[in-house]
Amino acid sequence: DTDPEALRRRAEAALRGARERTRTLTSCVDEHDLTAQHSPLMSPLVWDLAHIGNQEEQWLLRAVAGQEALRPEIDSVYDAFEHPRAERPSLPLLPPAEARGYVADVRGRVLDVLERIPLRGGPLLDAAFAFGMIAQHEQQHDETMLITHQLRRGPAALTAPPPPDAADGASLPSEVLVPGGPFTMGTSTEPWALDNERPAHRRVVPAFFIDTAPVTAGAFARFIEDGGYQRRSWWTGPGWRHVREHRLSAPLFWRREGGQWLRRRFGVTEPVRPEEPVVHVSWYEADAYARWAGRRLPSEAEWEKAARHDPAADRSRRYPWGDADPTPDHANLGQRHLRPAAAGSYPRGASPLGVRQLIGDVWEWTASDFLPYPGFRAFPYREYSEVFFGDTYKVLRGGSFAVDAVACRGTFRNWDLPVRRQIFSGFRTARDAGPGEA
Ligand code: AVJ
Ligand code: FE
């Protein structure tokens with residue numbers, strides 16, 4: 001849809017939706033919790049808050065509307081590349097009330113710009129791209145802030161209703177065959193797709209099997225109980241060194257007590273639910289589990305083919321279920337529920353071949369390094385994707401319960417270090433199809 005009024009309304013709704021989430025995440029704790037560093041892996045919440053406003057100011061008020069800087073002296077404080085997360089608490093941060101005032105001031109001016117500016121005439125304006133990019137940026141930081149909440153000690157500050165449980169999840173086949181052949185990966189048409197998702201290109205993917213649903217906490221507990229963390233042969237060299245050095249023996253936030261697994265989740269300790277997708281595992285742990293199971297992680301291309309390719313039409317969809325935007329019936333997104341739904345849930349979100357929960361619930365580690373697609377062009381800034389390409393980061397796909405729909409689609413690519421597990425990361429496994437199976 002290129003009707004400018006519809007585009008304006010869509011951009012405005014995306015910005016307002018993000019701000020509502022930001023407000024919830026930054027108003028449910030006191031001043032001390034907003035300015036404290038809850039983990040050296042994370043920024044103080046009040047840094048994320050003003051960084052959201054500063055990016056919005058830089059892109060929508062300065063780059064798009066050509067306005068003067070409101071507070072040029074704070075740019076460097078909120079530049080993620082100038083200051084690693086661990087040192088952000090010692091920066092001269094805007095105190096909570098000032099940060100709130102700043103982001104509200106920026107937003108008021110942005111909504112004025114959005115009403116007046118022609119949405120054409122360049123790649124930032126066409127399809128309201130810069131507004132969509134900034135709404136996605138805010139939602140990405142809303143996920144980051146939810147991770148900070150998960151790491152925070154103390155009583156619960158956030159609550160949400162549980163997700164709907166699987167009606168027929170238990171009777172599903174464990175894996176699905178994806179036939180071999182080419183498919184279209186990435187996109188050149190999705191209006192708010194970020195640079196690393198572009199351009200669309202053909203990829204040949206031989207036949208493979210992929211798990212119908214993400215690996216569950218119960219299955220992961222069997223890996224642990226079978227000595228998974230003790231046996232060298234399930235691990236890569238760096239993975240083994242990492243688990244030994246850090247004495248890892250279970251997913252982050254799990255502990256064993258009285259013969260059962262407990263987990264801490266948003267300030268509450270509860271039994272691990274075996275039917276739930278495992279979450280808070282590193283790439284190393286996902287990879288070791290897959291080897292233990294006699295399987296492997298899917299490549300990024302395999303994941304996207306399973307999620308998007310419609311074999312009957314030989315066409316790639318925006319989402320597993322089709323081209324329609326996600327609704328609460330399709331996927332567990334947007335922090336509506338603060339945990340993944342049981343494996344096998346969301347039948348209406350299934351792919352054409354019957355693969356479930358590819359979108360939402362947990363980010364899924366893939367076997368692949370974060371690399372550019374053929375024809376990649378950095379846009380609008382090299383620091384979004386390009387500086388991360390190489391063999392340092394692994395790709396995650398599909399989004400989690402903590403991601404909003406605006407920042408999640410079949411082509412969306414996330415990446416992180418293989419040691420990271422404070423993120424809402426899980427996985428599913430795959431295997432090659434044998435000659436008689438394909
Ligand atoms: C795409 C999630 C890896 O949080 O580091 C936020 C998103 N980029 N601000 C991150 C991002 C700039 C990014 N990830
Ligand atoms: Fe950012």
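**Two packed helices**

In this predicted model, begin by selecting helix 1 (residues 4–27) and helix 4 (residues 96–116), which pack at an angle of about 170 degrees with their axes 10 Å apart. Because angles over 145 degrees count as roughly antiparallel, helix 1 is described as roughly antiparallel to helix 4. To see where they meet, show the side chains of Arg-8, Ala-11, Glu-12 and Arg-19 on helix 1, together with Arg-107, Leu-111 and Leu-114 on helix 4. Sorted by class, this contact has 3 nonpolar residues, 4 charged ones and no polar ones.

**The nonpolar core**

Next, select Ala-50 and Phe-131, the residues with the most contacts inside the largest nonpolar core, which has 104 residues. Helix 3 (residues 45–64) gives the largest share of this core, namely 10 residues. If you then centre the view on Phe-131 and leave aside its neighbours within four places in sequence, you will find it in contact with Ala-11, Leu-15, Leu-60 and Leu-114.

**The annotated positions**

Finally, select Arg-85, Ala-86, Glu-87, Arg-88, Asp-416 and Arg-420, where an unreviewed UniProt entry places the feature "binding site". Is Asp-416 buried or exposed? Asp-416, which lies in strand 12 (residues 413–416), is buried, because 21 other C-beta atoms are within 10 Å. Its contacts, leaving aside neighbours within four places in sequence, are Tyr-393, Lys-394, Leu-396 and Ile-423. Arg-85, by contrast, sits in the loop between helix 3 and helix 4, and counts as partly exposed with 16 C-beta neighbours inside 10 Å. Not counting residues up to four places away in sequence, Arg-85 touches Leu-41, Met-42 and Ser-43.

Key
Residues are numbered from 1 along each chain as its sequence is written. Chains are lettered from A and ligands numbered from 1 in the order in which they are written. This is a predicted model: local features need pLDDT of at least 70, side-chain atom pairs count only at pLDDT 80 or more; totals for chains, interfaces and linings use all residues. A nonpolar core is a set of buried Ala, Val, Leu, Ile, Met, Phe, Trp, Tyr and Cys residues joined through C-beta atoms within 7 Å. A residue is buried if 20 or more other C-beta atoms lie within 10 Å of its own, exposed if 12 or fewer, and partly exposed in between; C-beta atoms are placed from the backbone. Helices (H or I, at least four residues) and strands (E, at least two) are DSSP runs, numbered from the N terminus. Two residues are in contact if their C-beta atoms, placed from the backbone, lie within 7 Å. Axes are lines fitted to C-alpha atoms, for helices over the stretch in contact, and angles run from 0 to 180 degrees between N-to-C directions. Angles under 35 degrees count as roughly parallel, over 145 as roughly antiparallel, 65 to 115 as roughly perpendicular and the rest as oblique. Ala, Val, Leu, Ile, Met, Phe, Trp, Tyr, Cys and Pro count as nonpolar, Asp, Glu, Lys and Arg as charged, and the others, Gly among them, as polar. UniProt positions are given in the numbering used here, feature names are shortened, and annotations may be inferred rather than shown by experiment.
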